[in-house]
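Welcome! Please take a look at the structure below, and then we can walk through it together.

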Amino acid sequence: EEGSQIALPHRIVSGVPAWDNISKEFIEFITQETYIYLENSYRAHNVDYDEVITSQGRKLELMDIWATIQRPGDYNPVHVHDGAIAGTAFIKIPEYISEQAVSPNHSTQDGSLNFIYGNSWKPLELNLNGTVKITPRVRSTYIFPCWLNHVVYPFKGEQSEDNDRISLAWNFQIS
């Protein structure tokens, strides 16, 4: 309600050398890390990365990148992304959310990113679904398949720039 998403023009040179360098370095970083993720994922499942990707001339192509600014009470409902591989990096987190992560008995979902795996709840078939809760930390980055359901829970706090939760997100396709 209070926050916003801002598309970042990742294919446009701004003419501001400092920004263009930061943009180029960040895109090179997420591209390199996504290639590593892709190769490790294939190998973990006994799929020949070289045969499927390298020999076929396939490559990662950055589809889009955006910033999300969330204010107290904002959230992202359960959703998936377009493309093949997505990622997110946490840029700014309200201090009290980071403090919750290190407290010994923290069980709050406030401001957390949660990956949700599974299509149905069928305990007799041992399809129990599952979630992985990520408490955001500044400078942490997560890469995941675009089909993976995820949600960002709201958090409490006074409306102020000090309490903004800012992340970058992106999508790659394999072409």
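## The surface and the model

How much accessible surface does the protein chain have, and what share of it belongs to carbon and sulfur atoms? The accessible surface comes to about 10,800 Å², and carbon and sulfur atoms hold 54% of it; areas come from the Shrake-Rupley method with a 1.4 Å probe.

This is a predicted model, in which local features need pLDDT of at least 70 and side-chain atom pairs count only at pLDDT 80 or more, while totals for chains, interfaces and linings use all residues. Residues are numbered from 1 along each chain as its sequence is written, and side-chain values use heavy atoms, with hydrogens and water left out.

## The fold

The protein chain has three helices and nine strands (DSSP runs, with helices being H or I of at least four residues and strands E of at least two, numbered from the N terminus). Starting at the N terminus, their order is β-α-α-β-β-β-α-β-β-β-β-β.

Of the 175 residues, 35% are buried (under 20% relative accessible area, with a 1.4 Å probe and protein chains only). Among contacts (heavy atoms within 4.5 Å) with a separation of 6 or more, 83% are between residues 24 or more positions apart.

## The largest pocket

The lining of the largest pocket consists of 16 residues, and Trp19, Ile22, Ser23, Lys24 and Ile27 lie nearest its centre. Helix 1 (17–44) and strand 2 (60–70) each supply at least two lining residues, and helix 1 gives the largest share, seven residues.

Notes: On a 1 Å grid over the protein atoms alone, a cavity is a set of points where a 1.4 Å probe fits but cannot get out, and a pocket is an open set with protein on both sides within 12 Å along at least five of seven lines; lining residues have an atom within 4 Å of a point. Buried means under 20% relative accessible area, exposed over 50%, partly exposed in between (1.4 Å probe, protein chains only).
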